[in-house]
Amino acid sequence: MPYAPTHKPKTRIRIVNAASALFKKHGFENVTIDQVMAAAGLTRGGFYAHFKNKEALFVACVENGMSLLSSPVLAKLRKAELSGSDWVTSFAELYLSRVHVDNPEFGCALPTLSSEVSRSGDQARAAFSKLIDQASGKLAWKLAKEDGVPGMDKPVPMDGESVLPDVPDGYRAEATSMLAMLVGAVVLSRAVDDKTADDILAASRESISRSRHQHLATAIAK
């Protein structure tokens with residue numbers, strides 16, 4: 001009996017979803033094609049009907065809108081935003097926490113993937129660059145929205161691809177710097193003992209909070 005026309009696209013999505021979860025948990029280099037196909041409930045032989053190699057699969061994961069944050073984290077951020085809480089403080093507290101450090105499979109993909117993609121081919125590096133650019137753009141939008149910048153009211157999710165509104169000069173640089181600190185703090189915290197990790201996380205949270213307050217004070221002064 002021949003497969004339905006929708007069978008191949010659905011199978012591809014199953015592979016991409018399984019790979020995205022594994023890449024977030026174990027990194028790019030540590031995940032094999034066999035592991036991906038097993039997680040998708042498929043045999044290895046079916047992989048090459050959809051992808052040339054693992055690097056092409058990673059590119060597909062990014063192009064499919066690879067979620068950087070888990071659903072529970074996104075739900076907490078939405079709750080904080082709806083309640084009128086300081087979104088950046090809530091985000092920093094969630095991201096720079098021991099729960100995030102100790103549970104990479106439920107956290108952001110960037111700390112897990114950063115060091116490994118750097119040793120991969122040009123396609124994977126280009127896809128990862130796109131992922132960073134998307135994350136910086138969305139964070140810049142959230143910072144501008146929190147500061148009450150006009151035109152930032154359009155709802156833009158933090159996961160997946162979206163068309164973002166233009167943000168004023170300075171917000172993109174602030175977001176890129178903040179993202180580097182967030183990711184770097186988690187990477188370092190996962191490589192050291194508990195006491196050192198706690199110090200790194202606390203210092204990074206304080207630095208982000210202080211930077212935001214200084215930015216708001218400068219904006220108000222103008």
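Before going on, a word about the model: it is predicted, so local features need pLDDT of at least 70 and side-chain atom pairs count only at pLDDT 80 or more, while totals for chains, interfaces and linings use all residues. Residues are numbered from 1 along each chain as its sequence is written, and side-chain values use heavy atoms, with hydrogens and water left out.

Are the two partners buried or exposed? Glu-174 is buried, with a relative accessible area of 12%, and Arg-212 is buried too, at 4% relative accessibility. (Buried means under 20% relative accessible area, exposed means over 50%, and partly exposed is in between, using a 1.4 Å probe and protein chains only.)

Arg-212 has another partner to look at: its side chain meets that of Asp-147 in a salt bridge of 2.9 Å, N to O. This one also links distant parts of the chain, since Asp-147 belongs to the loop between α8 (122–146) and α9 (171–189), and Arg-212 to helix α10, 65 residues apart.

Now step back to the whole chain. It has 10 helices and 0 strands. (Helices, H or I of at least four residues, and strands, E of at least two, are DSSP runs numbered from the N terminus.) Of the 222 residues, 42% count as buried. Among contacts between residues at least 6 apart in sequence, 68% join residues at least 24 apart. (Contact means heavy atoms within 4.5 Å.)

Back to the charged pairs: how many salt bridges does the structure hold? There are 10. One of them joins the side chains of Arg-98 and Asp-198, at 3.1 Å from N to O. Here Arg-98 is in helix α6 (residues 98–102) and Asp-198 in helix α10 (residues 194–221), 100 residues apart. Arg-98 is partly exposed at 25% relative accessibility, and Asp-198 is partly exposed as well, at 35%.

Helix α9 also packs against another helix. Its axis and that of α5 (residues 87–95) come within 10 Å and cross at roughly 25°. (Axes are lines fitted to C-alpha atoms, for helices over the stretch in contact, and angles run from 0 to 180 degrees between N-to-C directions.) That makes α5 roughly parallel to α9. (Angles under 35 degrees count as roughly parallel, over 145 as roughly antiparallel, 65 to 115 as roughly perpendicular and the rest as oblique.) Which residues make the contact? On α5 they are Val-88, Phe-91 and Tyr-95, and on α9 they are Met-178, Leu-182, Val-183 and Val-186.

Lys-25 is partly exposed, with a relative accessible area of 39%. Leaving aside neighbours within four places in sequence, Lys-25 is in contact with Pro-104, Glu-105 and Thr-112. The C-alpha atoms of Lys-25 and Ala-109 are 7.7 Å apart, although 84 residues separate them along the chain.

Finally, UniProt lists residues 32–51 as "DNA-binding region" in an unreviewed entry. (UniProt positions are given in the numbering used here, feature names are shortened, and annotations may be inferred rather than shown by experiment.) Over that stretch, the chain is 35% helix and 0% strand, and the end C-alpha atoms are 13 Å apart.

Terms used: Salt bridge = Lys/Arg side-chain N within 4 Å of Asp/Glu carboxyl O.
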